[in-house]
Amino acid sequence: MLSLACRDTGAKVIECDYVARGMTEEELWKDGTEHIVKVHGMKIEDITPQFKHYYKQYIKHS
Ligand SMILES: [Zn+2]
């Protein structure tokens, strides 16, 4: 299982307790993208491969 805690990704979202999860990176990003668009007001087109590549370092494997 992969997880990516919103809180771990930067000071701007430090108060957010959301953790995106997925069995694969693709699933994780499906979950995570929905969250950041809905809750943090980002645009779907901002979730670029570069964006995902950057935040990959915060993904936890369990
Ligand atoms: Zn969040």
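This is a predicted model: local features need pLDDT of at least 70, side-chain atom pairs count only at pLDDT 80 or more; totals for chains, interfaces and linings use all residues.
Local features require pLDDT of at least 70, side-chain atom pairs count only at pLDDT 80 or more, and totals for chains, interfaces and linings use all residues. Residues are numbered from 1 along each chain as its sequence is written.

Strand 1 spans residues 2–5. Helices (H or I, at least four residues) and strands (E, at least two) are DSSP runs, numbered from the N terminus. Strand 1 pairs with strand 2 in the antiparallel sense, over four bridges. Pairing requires that DSSP finds at least two bridges between two strands. Val19 in strand 2 is the bridge partner of Ala5. Strand 1 also runs antiparallel to strand 3 (residues 60–61), joined by two bridges. Here Leu2 stands opposite His61.

In a regular strand the side chains alternate between the two faces of the sheet. A residue is buried if 20 or more other C-beta atoms lie within 10 Å of its own, exposed if 12 or fewer, and partly exposed in between, with C-beta atoms placed from the backbone.

The largest nonpolar core has five residues: Leu2, Leu4, Ala20, Leu28 and Trp29. Strand 1 and helix 1 (25–40) each give two or more of them. Such a core is a set of buried Ala, Val, Leu, Ile, Met, Phe, Trp, Tyr and Cys residues joined through C-beta atoms within 7 Å.

Thr24 lies in the loop between strand 2 (19–22) and helix 1. Thr24 is exposed because 10 other C-beta atoms lie within 10 Å.
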